[in-house]
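Here is a friendly briefing on how two chains meet in a model. Have the viewer open as you read.

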Amino acid sequence: MLRAMTTAASGMKAQQLNIDAIANNLANVNTAGFKKSQVEFQDLLYESVAPAGATRGSGLAPPTRVEIGHGVKLVATDRMFTPGAMKQTGNPLDLMIEGDGFFQIRLPDGSLAYTRDGSFRLDGERNLVTAAGYFLEPALQIPLDATEVSVARDGTVSVLLAGDNATVQDIGQLEIVRFPNAAGLASRGGNLFIETAASGAPLTGVPGRDGMGEVAAGFLESSNVETIEELVNMITAQRAYELNSRAISVADDMLQTVNQLKR
Amino acid sequence: MLRSLRAAERAMNVHVTRINALANNLANVDAAGFKQVLTHVTERGATVRSVEEPARTLDNEPKRAKGGTAAWSPQRELDLRSAIDLRPGALRETGRQGDLALAGDGFFVVQTPEGERYTRNGRFAVDRDGRLVTASGAAVLGGGGPLEIPGGQFVVQRDGSVVVEGNVLGRLQVVRFSEPSRLEHKGNALLAAPRDQVAEPMPPESVQVVQGSLEASNVDPIRALVDMIAAQRAFEIESRVMQAGDESLEKAVNSLPSTR
């Protein structure tokens, strides 16, 4: 019985972690560029037991063995890099990658982070920065006399210079990166991901070539969380949690029965 | 009396083992591709084993066997039978390109340090070296070894062929067994085949791989709960038997007048 209790406890703990992941997804249902997580469960080791009661009687077959598992464990929380819906904002600095790829962001400590959240803006010196103020990599600065900025599908950034002869000038090229295994990226928070051993090294490229997605200016990528799916998952997680708690109370009742055998 | 105590003890142990197995099924009610273990309690050798005669009669003379049946005690031995339930679970659509489900028969083949293992859990991913791996990092085998998938996007066709940008890179190995009920759980959603079971590759036309879906656990929680309640009540009944045996022993030891 004690084993049934620890087995069922592992089930309850797993469902608790499941609910945590679901709750985080639901909390980020409106976060631009957010990628939902899903948990993956697998069973634990098995032991082959002959129930202690099944003895070898004279002329009877040897006892059959039963495989008893030890419960379940959380094996992975996968980030699902399925695309989110396009949300039109009309802001020329709001960029969305249609297809594969991440924007590169230079963090204050010099390291690189990656994001699908393309809500860029200008800082005091007219550098292109994220909402948190981190620089886009490679860095881009909009000239003071530019009246309009536009980003093409292939990532070329051009500005309309003020003056009697309004001219359009290319001032830079956006670079985006892809990973061999994007699901292996670690989350840093702030809509940023960082490279890990599991994700592999980033491959830099230009939007629209080598499998990179194209840039859509004036759009933001919505969160890819689907509320109905998350709610259904939450219901199944709660019921699984209850089932396992039932197993614990049955095991507890049986232990109580044993305790009361000898008064 | 002692015999009834021992019989009750053995029966209680059988019920406890059954509860442990059921608890494992319930814990894995959400694990993709999990195959539940069905258990049921049977009686072994429920035949009259011997005709029981008292060793001496009341006059204290050795009794001659007269060929009549006096008291008989059937030797009732409980046995717990278990079998892996290979019925398919429901298919759940996830939209993830690495999630594969088998809509028909068969198992995916996975390479582990302990040898080849088989699974219905198709939650695969491409690792940093481009190999198709399970959630625990074990390589998924195609016809000629681990499958290598360069780049990000890949399509898995119904017969298990992996296609990248129009080129067929290989075919997932999907196997079947003559006696699949003898497969053993090894944890991590993997099953092992006993030595005499040969994994037979399934012909491409009978393979049905569905990309973007996962097979859910086939645990039937209602059945598991009902079995659990039945096992608990049977356990309680056996505990009553044990109590009755204990009380009789107590009477015999403490209350009978002493013999001369």
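**Two chains and their interface**

Across the interface of chain A and chain B, the rule finds two salt bridges, a salt bridge being a side-chain nitrogen of Lys or Arg within 4 Å of a carboxyl oxygen of Asp or Glu. This is a predicted model, in which local features need pLDDT of at least 70 and side-chain atom pairs count only at pLDDT 80 or more, while totals for chains, interfaces and linings use all residues. Residues are numbered from 1 along each chain as its sequence is written, chains are lettered from A and ligands numbered from 1 in the order in which they are written, and side-chain values use heavy atoms, with hydrogens and water left out.

**Interface totals**

- The contact takes 62 residues from chain A and 59 residues from chain B, where contact means heavy atoms within 4.5 Å.
- About 5,100 Å² is buried between chain A and chain B, and carbon and sulfur atoms give 56% of that area; buried area is the accessible area (1.4 Å probe) that two parts lose on being put together, summed over both.

**Helices across the interface**

- Helices (H or I, at least four residues) and strands (E, at least two) are DSSP runs, numbered from the N terminus. Axes are lines fitted to C-alpha atoms, for helices over the stretch in contact, and angles run from 0 to 180 degrees between N-to-C directions.
- The axes of helix 2 (residues 227–259) of chain A and helix 1 (residues 2–27) of chain B come within 9 Å and cross at roughly 165 degrees. That makes helix 2 of chain A roughly antiparallel to helix 1 of chain B (angles under 35 degrees count as roughly parallel, over 145 as roughly antiparallel, 65 to 115 as roughly perpendicular and the rest as oblique).
- On the chain A side, this contact includes Leu243(A), Ala247(A) and Val250(A), and on the chain B side Met12(B), Val16(B) and Ile19(B) are among the residues involved. By class, the residues of the contact of helix 2 of chain A with helix 1 of chain B divide into eleven nonpolar, one polar and no charged (Ala, Val, Leu, Ile, Met, Phe, Trp, Tyr, Cys and Pro count as nonpolar, Asp, Glu, Lys and Arg as charged, and the others, Gly among them, as polar).
- Helix 2 of chain A also meets helix 2 (residues 221–254) of chain B, with axes that come within 10 Å and cross at roughly 5 degrees. That makes helix 2 of chain A roughly parallel to helix 2 of chain B. Their contact has ten nonpolar, three polar and three charged residues.
- The axes of helix 1 of chain A and helix 1 of chain B come within 8 Å and cross at roughly 0 degrees. That makes helix 1 of chain A roughly parallel to helix 1 of chain B. Here the contact has four nonpolar, five polar and one charged residues.

**Salt bridges**

- Over all chains, a search of the whole structure finds 26 salt bridges.
- Arg123(B) and Asp78(A) join their side chains in a salt bridge (3.3 Å, N to O).
- Within chain A, the side chains of Glu226(A) and Lys36(A) form another salt bridge (3.6 Å, N to O). Glu226(A) lies in the loop between strand 20 (219–221) and helix 2 of chain A and Lys36(A) in the loop between helix 1 (2–27) and strand 1 (37–43) of chain A, so the pair ties together parts that are 190 residues apart in sequence.

**Backbone points to check**

- Most residues other than glycine have a negative phi, and most peptide bonds are trans.
- The peptide bond from Glu137(A) to Pro138(A) is cis, with omega near 0 degrees, and Pro138(A) is found in the loop between strand 11 (135–137) and strand 12 (146–151) of chain A.
- Arg126(A), although not a glycine, has a positive phi of about 65 degrees. Arg126(A) sits in the loop between strand 9 (121–122) and strand 10 (128–129) of chain A.
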